[in-house]
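Please consult the sequence and the structure shown here before reading on.

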Amino acid sequence: MPEQLVFAMEVILNGLMAGVLYALVALGFVLIFKASGIFNYAQGVMALFAAMTLVGIMNGQVPFSHLINAIFGAHITHFGWQVPAAIAILLTMAVMVLLAWCVQQFVMRHLVNQEPIILFMATIGLAYFLEGVADLMWGSEIKSLDVGLPQGINLWIDETTFNIFGYGFFIDNLDIVATVVAALLVIALVAFSQYTKQGRAMRAVADDHQAALSVGISLNFIWVMVWSVAGFVALVAGIMWGTKSGVQFSLSLIALKALPVLMLGGFTSIPGAIVGGLIIGVGEKLFEFAIGPLVGGATENWFAYVLALVFLVFRPQGLFGEKIIERV
Amino acid sequence: MLDASDGYVTEDGRKIGGVVMEMRNITLRFGGVVAIKDISFDIREGEIRAIIGPNGAGKSSMLNVISGFYVPQEGEVWFRGAKRPPMRPYEVARQGIARTFQNIALFEGMSVLDNVMTGRLNFMKTNIFQQALWKGRAEKEETLNRAAVERIIDFLEIQHIRKTPVARLPYGLKKRVELARALAAEPKLLLLDEPMAGMNVEEKEDMSRFILDVNDEFGTTIALIEHDMGVVMDLSDRVVVMDYGKKIGDGTPDEVRGNQEVIDAYLGVSHD
Amino acid sequence: MDNTQSAAGGLHSLPALLHRNAQAFASAPAYREKEFGIWQCWSWSETAQEIEALALGLLNLGVREGDFIAIIGRNRPYLYWSMVAAQSVGAVPVPLYQDAVAEEMVYVLSHCGARFVIVSDQEQADKVIEVQDQLHQFEHLIYLDPRGMRKYDHHQLHQFSHVQDQGRAARDEWITDLHTRRDKLNYDSTCVMLYTSGTTGKPKGVVLSNRNVIESAKNASDFDGLTSSEDILSYLPMAWVGDFIFSIGQAYWCGFCVNCPESADTMITDLREIGPTYFFAPPRVFETQLTSVMIRMEDASKLKKRMFHHFMAHAKKVGGLILDGKPVALMDRLKYAIGNALVYGPLKDTLGLGRVRVGYTAGEAIGPEIFEFYRSLGINLKQLYGQTEATVFITVQPDGEVRPDTVGVPAPDVEIRIDDSGEIFYRSPGVFVEYYNNPDSTASTKDAEGWVATGDAGFIEEGSGHLRIIDRAKDVGKMADGAMFAPKYVENKLKFYPDILEAVLFGNGRDRCVAFINIDLTAVGNWAERNNIAYASYQELAGHSRVLETIQEHVETVNRSVAEDPMLSGCQVHRFVVLHKELDADDGEMTRTRKVRRRIVEEKFADIIAALYDGSDSVSTVTEVTYEDGRKGSISATLNIRDAAVMPIAQKMAAE
């Protein structure tokens, strides 16, 4: 087999793995958008916030320590204990649920029946607010996150491919885990929305508020639930990205990477988010591999957006999105 | 007038029971506009009660007060012998008051079956973890709810559209699906907001038959709003007539028909 | 006839067959019905118990031997049981068309003097109650569905399940009586009485004996090798002889399962769920299904569309041949197998015809394209020719000899004769006993030797021995110049277009032919939607100029094809009009089985026909219509009259 082709295969595989992580973030967007019609700009920041909270709890960091120290002149930064990853994840989830409740109680509840653009603006505000809170709570330094996920080259794949192609593929174990987790997450989410009482209620609310009320569904409860689920997805995404590239504020920028993914896949489709993520992941890696050297590299920074732009022109509803029909 | 305490027997021999719902001196204002002015009436168990009046008389507002979508500034709502505190619509629904809407509020993206199943949400008691395992209680519960829904689907003759997305249905069928969803909740009081609006003669006859059959078969107490006088008079046991937010008549269809104020409201000074 | 008697093995009545089935196939399913979203099932032994309970209940209510018991409702197991229960107590079941209006029911109910009526629900009960004053012999009404019936006066009304309960309770009292009556039944006892809709005149009660029904069922089952493992979907009117033979005669003879749909509207879904192995449908059902497939394909993705058309073209080439067991090249077979996996198989499953081993169509001529379409998919669809008076079967197409233009060879034990005028006569063990209380009609239809006139004109094809039908014998007329006038022939050609639902040709005794056309609202409406043509009503769509243009093209194509046959080329359509209303059974323009009543249409629309012949461009008319609830109204319209191009009758000219 020609060498170039083998390299390309490795690139594609790596692209798929990266795509899964994009898809994870996009999934959070789709979920909230479907259930509430809100495009949640803060989804990326929520992932960052979740990851920071997780690291903070695991390290026994004192929240708001700078603030406390500044006011009281103290010098506490850590409680002096380490929390096991599993418990820390549960605690973080509890924080995310609390966050969801706050978002609903203090922001969204007051914006019922507002234009989508107002809601969108609100989430932009939320994003900056949350970023500030995260900074204040846990500090702005880059931290590493290790919840015990396997990392590093997968030796089995390396050996197997070496035996076949005479060249070992470099596939990160973490990427494999991310893929599996993403698959499980999607299955769980679909099962939740299709087969549970709460899932049914969630779909009902997304469809028609008035009708949902008339069958006894509390809108508040459902929205808190939706934001909690989005928080859960953000936590998963935060763990994956954080483990991969450290917990830092640039993490919130991955939210922007999710945008082209959504344009490709459609804002309302869960399979769309996955396929879109994979296409962007593979596309940008492959483009960098094939065209990158000709144009001086760093194509990964803009390729996804150009691809999304092209899509917007030819298929504005995305690959799987519902056709946009404006009724006159 | 009617005896206030024990109920009565209708012309066709149905026994009407005690008071299920009572509105006492309800006044509802939107800003400076008075939509309902000091209205009192009751709804008795097993009866078909109509609220009629010209457009803008405040009928829909009254229905929205009963179903909790509006909270009146003055007056009391009594339901099943207890005074009802101000409630949100979903709490009212959970109390056993189901409703339909004049402009049809269905879950357009779901199938007919899923729509009707949402009417059963309050009958699903298992929690999310039991459901996640999908065993035992949760499964049994789902089966029972499905069976209840199937009876209603059969009753309203919508078997052929069970799996059809609601968005694809014609208007008349959507109205029937909405009724099915309300019935699925096994309501103690069923509110119908202009169930015949926008229908042709044949569809109206079908709908009337279904309303009568529902009352007959399940003994459901029904309160409905309608401005088609003819339909209402055939259908209901007692009628409240509203005009300009005031009650101008209350009684059996015959009594109301002979009421001079009602005749004036409908024939003399119409404000359509 | 002695040998046929023994061939039935002493099984001389439906109750006797039921008794055998309850033992031979005890736990096998006999009936299924979808209710509350689930298929409910009764085994043969359960069926026998249900029927016995009902029979005892009927005795308890005072049914006498020889009584007529009318049965009205959609296909439900309970009503099929009612027929057999009626026979068990020595009474005669008379199924009625459920869509008949009350006035139509009066005639039949009083003609047979039914003392008992079994109905499905309130709707049917209301009709009977409405006319009961005119029914002197009517005594008891039994209803199935209690919904809405609570408030009725129950002096003469009984709920079906209560009648059964009372029967069970009084078993000891009546069981001997039941056995005695059952044992009295023989091969010549009346099995059922069916009223023919009749294209003209009042309905006639066709009396069929056990011999008629059982012999016909047995012969037809042998002919197609039917077994006890068949599944059929019973959805055609219970008053129609075909349903009686398939759902009772053959079902009891073979011991197979009868499946009843959930409601009339769910037929297609139920068909898919049951997947019958033996299936009967009038051409209309096949047409509707094909139309819906084509409409769905219009909306499918490009890839799917191309795949569909590609493989359908291949199926058209070899599908029929493969089904007939004719030699086909290996490559073509392979490609057909691929097509089967990708297109034909899924399509057949969607249609609910994936398991069909034997399928029949009859009643009307089926379009050759439609017929070939189903056969090319590998569905063994065949044609048969039959009548109520023959207990269905006159001719049938044997496997491997199926063609769209013939109706097959004489069915087993059937003799056929064509008289000088071209009318078809037959004689068979299925030939009816008599028309009830109508010896004149009986004598004019059936002669002393047992030959029955069909009223159809046709001929037996040289070589193949297949029967070909031209038209109703009385409808085949002569035009002014003596040329043959065969309206059905032309009408069928027109009706094969999906756009055209119905066509009526006029021209008997005239110098040229003209036609009425009914458009098909589904097909044309869909076309209109795709072409952004707005319309508010049937009338408006039917009068749209682009619709008229399309229809004109169809008419002219048909003219070209008609002109090819020198004998019939005089029947080309010179002028036509697209009617402003659908011909409707409620208005008497069609029979309940949807055959056009030519005379009535001719009288009712005389003004339009006159306009067609006097050369005017348009005609204004007012037509009375009957709504579904029986009220009458009228619609007025101005109709465009169109001239269609005709082909010169070259051969004929040369011959003269």
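## Helix packing and chain contacts

H2(C) passes H3(C) in a left-handed crossing, a term used if the near helix is turned anticlockwise from the far one by less than a right angle (right-handed if clockwise). The model is predicted: local features need pLDDT of at least 70 and side-chain atom pairs count only at pLDDT 80 or more, whereas totals for chains, interfaces and linings use all residues. Residues are numbered from 1 along each chain as its sequence is written, and chains are lettered from A and ligands numbered from 1 in the order in which they are written.

Helices (H or I, at least four residues) are DSSP runs, numbered from the N terminus.

| Helix pair | Angle | Axes |
|---|---|---|
| H2(C) (residues 14-24) and H3(C) (residues 44-61) | about 140° | 7 Å apart |
| H13(C) (residues 302-323) and H14(C) (residues 330-351) | roughly 125° | within 9 Å |

The angle of about 140° makes H2(C) oblique to H3(C); angles under 35 degrees count as roughly parallel, over 145 as roughly antiparallel, 65 to 115 as roughly perpendicular and the rest as oblique. Residues are in contact if their C-beta atoms, placed from the backbone, lie within 7 Å. From H2(C), C:Leu18, C:Asn21 and C:Ala22 meet C:Trp44, C:Ser45, C:Ala48 and C:Ile51 of H3(C). This contact has 5 nonpolar, 2 polar and no charged residues, where Ala, Val, Leu, Ile, Met, Phe, Trp, Tyr, Cys and Pro count as nonpolar, Asp, Glu, Lys and Arg as charged, and the others, Gly among them, as polar.

H13(C) and H14(C) are likewise oblique to each other, and their crossing is left-handed. Among the residues that make the contact are C:Phe308 and C:Phe311 of H13(C), together with C:Tyr336 and C:Leu342 of H14(C). By class, the contact of H13(C) with H14(C) divides into 10 nonpolar, 3 polar and 3 charged residues.

Between chains, 22 residues from chain B and 17 residues from chain A form a contact. On the chain B side, helices H2 (89-94), H3 (112-118) and H4 (128-133) each give two or more residues, and H2(B) provides the largest share, 4 residues. That side of chain B has 13 nonpolar, 5 polar and 4 charged residues.

Chain C also touches chain B: 12 residues of chain C are in contact with 13 residues of chain B. The chain C side of this contact comprises 1 nonpolar, 4 polar and 7 charged residues.

Definitions and conventions:
Contact = placed C-beta atoms within 7 Å. Axes fitted to C-alpha atoms, helices over the stretch in contact; angles between N-to-C directions.
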